[in-house]
Amino acid sequence: MVDWSEAAPRKRLRRFLAVAGPGVVVMLADTDAGSIVTAAQSGAGWGYRLLWLQLALIPVLYIVQELTVRLGVVTGQGQTQLIGRHFGRFWAWVSVLTLLVCCMGALMTELAGLAGVGALLNLPPSLTMILVVGALLLMAYTHSYLTVERIAIALGAFELVFLVVAVLARPDPQVMLAQAVDIPWGDRKYLYLVAANIGAVIMPWMVFFQQSAIVEKKITIADLPAARADTMLGAVLTQVIMASVLVAASATLGASGHDGELDTVQRIAEAITPYLGNFGGKLLFGLGMAGAALVAAIVVTITAARTLSELLGLKCSLDHDPREAPWFYGAYSVALIGCALVVASGVNLVSLSVGVQVMNALLLPPVLGFLFLLARRLPQPYRLQGLYAAICSGIIVVAAGFGVYSGIAGLFE
């Protein structure tokens with residue numbers, strides 16, 4: 001086992017770079033098209049009053065995903081396999097069906113987001129879907145997991161342009177501080193967006209993807225510190241991006257009293273860009289949204305196909321040839337093509353993004369519950385126990401419980 005306390009800094013950096021990937025990829029995917037829509041709505045409607053939540057969710061996000069890292073590294077099995085082994089096939093099927101609903105909803109929001117980016121370039125949704133689905137199918141059928149991971153990180157890096165957008169929006173520090181302490185806890189519409197933001201940050205498919213990616217990448221117990229650092233880096237990165245979108249929307253739309261609906265990428269871009277410059281604003285926003293939606297589309301589609309194949313006991317790795325894992329690649333293809341057809345058909349996708357995030361919040365209790373219980377069954381010294389277990393249980397109960405409460409309150413508004 002590597003002694004990280006005494007290892008040379010260069011050696012630790014090299015090992016970190018070799019291990020890093022699953023955490024950063026899943027976190028970049030976390031800041032997906034639906035999350036950006038949710039953050040923009042939060043800033044436009046409530047100014048900086050939800051900025052505190054973006055920062056508060058960093059440790060919550062890390063703690064949840066660290067448990068998936070621990071499970072994947074120690075057991076060498078995916079979440080679905082562990083649920084089936086410890087709780088039976090019935091609960092494994094329940095978890096998988098729940099996950100598939102989340103993945104399909106998320107995938108439609110990613111593709112709708114990409115269709116919105118295409119609309120900024122005057123491309124019809126059908127053509128955008130053909131280009132996107134063709135590229136994602138080619139990537140999966142011709143590259144290994146490691147290559148796909150690198151492609152996802154490269155695409156997700158475009159999300160960093162939202163930091164530039166936030167700076168160009170010129171937020172007023174005094175207004176930011178004043179609104180940060182003005183929290184309307186009694187307003188159900190505010191609580192609805194609290195739930196949507198929780199759902200946008202802690203998504204059920206993240207747990208399944210990162211654990212399976214760690215197994216597929218063959219990350220060992222010796223690499224656990226590096227895998228945790230990878231997860232922490234990703235947690236900070238994704239919330240900084242979410243906060244940047246919220247700040248940009250607050251400084252532009254919130255300050256102007258904008259009261260129109262922000263339920264599509266095109267409407268958000270058209271509303272924000274007059275304050276940033278038409279061409280430059282659309283270019284930056286389009287790049288950031290495209291990167292966010294593409295990396296998330298890759299992750300959720302792989303997660304749906306891999307999890308279903310895991311449960312059926314079939315090969316489910318990108319390192320397998322399509323002829324070796326026909327069910328995995330078939331499920332991947334059907335999910336992509338099916339969701340693309342829905343988006344290209346012109347069906348009304350208004351409010352889908354925020355609705356999916358609230359659905360994620362409502363489904364958090366069973367997903368986080370299984371995660372906690374499985375971590376409690378790990379062998380020593382990796383078992384979740386003692387004070388840290390109490391902290392984890394408290395965070396999970398508060399996050400899941402408040403998400404469900406806020407979601408129900410918002411839906412009945």
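A disulfide is a pair of cysteine sulfur atoms within 2.5 Å. Keep that cut-off in mind for the first two views of this predicted model.

**View 1. Cys103 and its closest cysteine neighbour, Cys102.** Let's start with the sulfur of Cys103, whose closest cysteine sulfur belongs to Cys102. The two sulfurs are 6.9 Å from each other, too far for a bond. Cys103 is also buried, with a relative accessible area of 0%. Across the whole structure, a search finds 0 disulfides.

**View 2. Cys339, a cysteine in no disulfide.** Here the nearest cysteine sulfur is that of Cys103, 9.6 Å away. Like the residue in the previous view, Cys339 is buried; its relative accessible area is 5%.

**View 3. Helix 15 packing with helix 16.** Now we turn to a pair of helices. Helix 15 covers residues 278-311, and helix 16 covers residues 326-344. The crossing of helix 15 past helix 16 is right-handed.

**View 4. The residues where helix 15 and helix 16 meet.** Zooming in, helix 15 brings Thr301, Ile302, Ala305, Arg306 and Ser309 to the contact. From helix 16 come Trp327, Phe328, Ala331, Tyr332, Ala335 and Leu336. How do the residues of this contact divide into nonpolar, polar and charged? There are 8 nonpolar residues, 2 polar and 1 charged in the contact of helix 15 with helix 16.

Technical notes: Residues numbered from 1 in each chain as written. Predicted model: local features only at pLDDT ≥ 70, side-chain atom pairs only at ≥ 80, totals over all residues. Heavy atoms only, no water. Axes fitted to C-alpha atoms, helices over the stretch in contact; angles between N-to-C directions. Helix = DSSP H or I, 4+ residues; strand = E, 2+ residues; numbered from the N terminus. Left-handed = near helix turned anticlockwise from the far one by under 90°. Contact = heavy atoms within 4.5 Å. Nonpolar A, V, L, I, M, F, W, Y, C, P; charged D, E, K, R; others polar. Buried < 20%, exposed > 50% of the residue type's maximum accessible area, 1.4 Å probe, protein only.
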